[in-house]
2 protein chains.
Amino acid sequence: MKNAKLRLETCLSPAMYSKHANDDNIVVVVDILRATSTICTALHNGVKRIIPVSTVEEAKAKKDEGYIVASERDGYVLDFADFGNSPFNFTADKVKDKEIVYSTTNGTRCIHMAAHSKAVVVGSFLNLTALANWLIGQDSPVLIFCASWKDRFSLEDTVFAGALAEKLLASGKFETICDAVTASLDLWSLASPDLNGYIQKAAQKGRLAAKGLDDCIEFCHQPDFTSVIPVFADGDLVPVS
Amino acid sequence: MKNAKLRLETCLSPAMYSKHANDDNIVVVVDILRATSTICTALHNGVKRIIPVSTVEEAKAKKDEGYIVASERDGYVLDFADFGNSPFNFTADKVKDKEIVYSTTNGTRCIHMAAHSKAVVVGSFLNLTALANWLIGQDSPVLIFCASWKDRFSLEDTVFAGALAEKLLASGKFETICDAVTASLDLWSLASPDLNGYIQKAAQKGRLAAKGLDDCIEFCHQPDFTSVIPVFADGDLVPVS
């Protein structure tokens, strides 16, 4: 007898998370521009652990404890922070073997919302294939959770969800009856021949460009820059062991 | 000087509505399978007004007052109701010049959620072109509001949102920086060459088929069956005057 296939769903916004929540899920949090791309880059460059925080107050308190703090609000580096939230700030010479506090709104919130799940990992184009292969080996249902922007819908997160879903379904171990997965696969099919061209029409591209923060967009859409898989454990993000 | 263009947004689920709500909006409520297709069909066939209700208790109370009541829960006709929620039930011989109580969960809820707006109208493929032309004449921002299914994401509602957005943007009077509009246009571009073929993969198709209620799916995706535009006024749905 064949084993039953594993459930695959995609949640397009934190506003819809409660409809997808399940303790059995492995949840992949996705915030392509820029939180989850930055977290993957930081761990790739040797950061020992990332402490995700939601509020400016938490970030400031951690700074006072002596941590290196990356923190922006609305695209502007906070005055007490060591640097901002771009993946380009997390170079090996600055961050190797360090513990870093990373302040995000959406990304941190989604990680904490999903903390009841079997596991919470961080996904981006940068670790796409390694992440897909790891998920295929876990024998658990998967929820791809798009952090999006202010509870709306985000094009780049959804396109990534399609890229990941394609790999998971191709393994034959997963199945889906989730329209969000279906739509993400179709959007990925349109985007994949020229991903950087396609993503130019994403609203977040315009928001970052208006603040001069769009230099990392091409980098954030580069598949398989790293094989690191950040996992949420005891309040921190560390490479999966 | 050119006039500023009008805002066009799409809300993919009631769970995200608060992020899009604006008193200035004309809101187009969309529930292709089946509420808004049925409402358009009913008014086309001469129903004088539709009284949308949310709960079984409200529907039963209206039945006791002598109204004709269309009411289902989970695809099964309630025992006190005159008929179910399929558009095929609303034939002219049964409904012409009548006042009908129509019980839906998602559709009614969305209409009431949006009642603060400048106007709330009902959209479906059945009244696509008439609705688009009417909206183009109104000089107001438009929010396309997908009723979806249980606060998730719905493929058929989103594809319709793309079809309507295409017409509105082609008029030159609207502009958008909403990723949900962008995604809906792309999904519509994939679906439109064979809409009935494409929609076979929608989850709601499977849910209706499991209850033998999928006979109306092709009808519900037929563009421009009618030029009626249902508008919400004083608690009822009536043809726009």
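Analyst: Start with two charged residues of chain B. B:Arg34 is buried, and B:Glu72 is buried too. This is a predicted model. The side chains of B:Arg34 and B:Glu72 meet in a salt bridge, 2.4 Å from N to O. The two partners come from distant parts of the chain. B:Arg34 sits in the loop between β2 and α1 (35-44) of chain B, and B:Glu72 sits in strand β4 (residues 68-73). They are 38 residues apart.

In general, side chains of opposite charge can pair when their charged atoms come close. Over all chains, the structure holds 17 salt bridges.

Next, a pair between two strands. B:Glu99 forms a salt bridge with B:Arg49, and the closest N and O atoms are 2.7 Å apart. B:Glu99 belongs to strand β6 (residues 99-103) of chain B and B:Arg49 to strand β3 (residues 49-53), so the pair ties together parts that are 50 residues apart in sequence. B:Glu99 has a relative accessible area of 26%, so it counts as partly exposed. In chain A, salt bridges that share partners join A:Arg49, A:Glu99 and A:Asp236 into one network.

Now turn to B:Glu9. Its side chain meets that of B:Arg7 in a salt bridge, at 4.0 Å from N to O. B:Glu9 has 12% relative accessibility, so it counts as buried. B:Arg7 has a relative accessible area of 31%, so it is partly exposed.

The side chain of B:Asn25 makes a polar contact with the side chain of B:Arg7, at 2.9 Å. B:Asn25 lies in the loop between β1 (6-11) and β2 (26-30) of chain B. Its relative accessible area is 1%, so B:Asn25 is buried. Which residues surround it? Setting aside neighbours within four places in sequence, B:Asn25 is in contact with B:Arg7, B:His20, B:Ser117, B:Lys118, B:Ala119, B:Pro141 and B:Leu143.

B:Glu9 also reaches across to the other chain. Its side chain meets that of A:Arg152 in a salt bridge, 3.7 Å from N to O. Between chain B and chain A the count is four salt bridges. Polar contacts cross the interface as well, with ten residue pairs found where both residues are at pLDDT 80 or more.

Which elements of chain B face chain A? The elements that give two or more residues to that side are α6 (155-170) and α7 (179-191) of chain B. α7(B) gives the most, with eight residues. By class, the side of chain B that touches chain A has 13 nonpolar, five polar and nine charged residues. In total, 27 residues of chain B are in contact with 27 residues of chain A. The two chains bury about 2200 Å² between them, and 61% of that is on carbon and sulfur atoms.

A:Trp149 gives a view of chain A. It is placed in the loop between β8 (142-146) and α6 (155-170) of chain A. Its relative accessibility is 28%, so A:Trp149 counts as partly exposed. Beyond neighbours within four places in sequence, A:Trp149 is in contact with A:Asn106, A:Ser154, A:Gln204 and A:Arg207. A:Trp149 and A:Ala203 are 54 residues apart in sequence, with their C-alpha atoms 9.7 Å apart in space.

Last, the aromatic rings. Over all chains, the structure holds 14 aromatic pairs. In chain A, the ring centres of A:Phe83 and A:Phe90 are 5.1 Å apart and the planes are at 80 degrees, so the pair is edge-to-face. A:Phe83 has 9% relative accessibility, so it counts as buried. A:Phe90 is at 1%, so it is buried as well. In chain B, B:Phe83 and B:Phe90 also form an edge-to-face pair, with 5.1 Å centre to centre and 80 degrees between the planes. Both B:Phe83 and B:Phe90 are buried. Ring pairs link A:Phe83, A:Phe90 and A:Tyr102 into a cluster.

Back to the charged pairs. B:Arg34 and B:Glu72 are both buried. B:Glu9 has salt bridges with B:Arg7 and, in the other chain, with A:Arg152.

Technical notes:
Residues numbered from 1 in each chain as written. Chains lettered and ligands numbered in written order. Predicted model: local features only at pLDDT ≥ 70, side-chain atom pairs only at ≥ 80, totals over all residues. Heavy atoms only, no water. Contact = heavy atoms within 4.5 Å. Buried area = accessible area lost by both parts, 1.4 Å probe. Polar contact = N/O pair within 3.5 Å; in protein donor to acceptor, adjacent residues only side chain to side chain. Helix = DSSP H or I, 4+ residues; strand = E, 2+ residues; numbered from the N terminus. Nonpolar A, V, L, I, M, F, W, Y, C, P; charged D, E, K, R; others polar. Phe/Tyr/Trp six-rings, centres within 6.5 Å; stacked < 30°, edge-to-face > 60°. Buried < 20%, exposed > 50% of the residue type's maximum accessible area, 1.4 Å probe, protein only.
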